[in-house]
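Try each task before reading its solution.

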Amino acid sequence: MTRPDSTPTVRHVDDRHRYEIHVDGRRAGFTAYRDLGDQRVFHHTEIDDSFAGQGLAAQLVQHALSDVRDTGRRIVAVCPYVAKYLSRHEEFADYADPVTPELRRRLEQALRH
């Protein structure tokens with residue numbers, strides 16, 4: 001009997017507005033976003049406790065931000081984890097926009113619908 005591949009994989013789940021990371025066929029976590037114009041606004045990142053300490057959040061966010069950059073969108077980090085990641089990875093600096101009060105209002109409105 002062979003062991004399942006434990007290499008993490010990241011999937012963009014567009015209809016759920018998020019990127020998910022899977023390990024051994026199980027969803028280990030996700031980072032959620034909303035698109036506001038040409039900006040992809042990340043508002044929440046979560047890794048299941050059973051997968052904590054494996055560096056999965058960093059892998060997930062790196063993949064998500066690379067995808068956003070490749071599509072030509074702008075990155076906005078309302079999520080504290082994504083903001084911290086951006087502050088440590090300058091390769092995304094040219095694609096990141098600041099969080100403004102207006103953007104927060106638009107995000108809150110989008111999340112209600």
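Buried means under 20% relative accessible area, exposed over 50%, and partly exposed in between, using a 1.4 Å probe and protein chains only. Helices (H or I, at least four residues) and strands (E, at least two) are DSSP runs, numbered from the N terminus. Please note that this is a predicted model, in which local features need pLDDT of at least 70, side-chain atom pairs count only at pLDDT 80 or more, and totals for chains, interfaces and linings use all residues. Residues are numbered from 1 along each chain as its sequence is written, and side-chain values use heavy atoms, leaving out hydrogens and water.

**Exercise 1. Work out which residues of α3 are buried and where they sit around the axis.**

Step 1. Find helix α3 at residues 101–112. Its twelve residues should span 16 Å at 1.5 Å a residue, and the 17 Å between its end C-alpha atoms agrees with this. The expected span is 1.5 Å times one less than the number of residues.

Step 2. Pick out the buried residues of α3: L103, L107 and A110. They are on the same side of α3, because they cover an arc of only 65° around the axis. That arc is taken from the directions from the helix axis to the C-beta atoms.

Step 3. Turn to the other side of α3, where P101 and R112 are exposed.

Step 4. Ask what covers the buried residues of α3: the cover includes β3, β4 and β5. Helix α3 lies across these strands, at about 120° to β3. Contact here means heavy atoms within 4.5 Å. Axes are lines fitted to C-alpha atoms, for helices over the stretch in contact, and angles run from 0 to 180 degrees between N-to-C directions.

**Exercise 2. Trace the order of the strands in the sheet and name its edge strands.**

Step 1. Two strands pair if DSSP finds at least two bridges between them. By that rule, six strands make an open sheet of mixed pairing, ordered β1-β2-β3-β4-β5-β6. Its edge strands, β1 (9–13) and β6 (96–97), each pair on one side only.

Step 2. Follow β2 (residues 18–23) into β3: the two run antiparallel, joined by six bridges, and Y19 stands opposite T31. Their hairpin has two residues between the strands, and D24 takes a positive phi near 55°.

Step 3. Continue from β3 to β4, again antiparallel, with eight bridges. G29 has I47 as its bridge partner in β4. In this hairpin, also with two residues between the strands, G37 has a positive phi near 65°.

Step 4. Finish with β5 (residues 74–77) and β6, which pair in the parallel sense over two bridges. V76 has D97 as its bridge partner in β6.

Step 5. Return to β3: eight of its eleven residues are buried, so the strand is largely enclosed by the rest of the structure.
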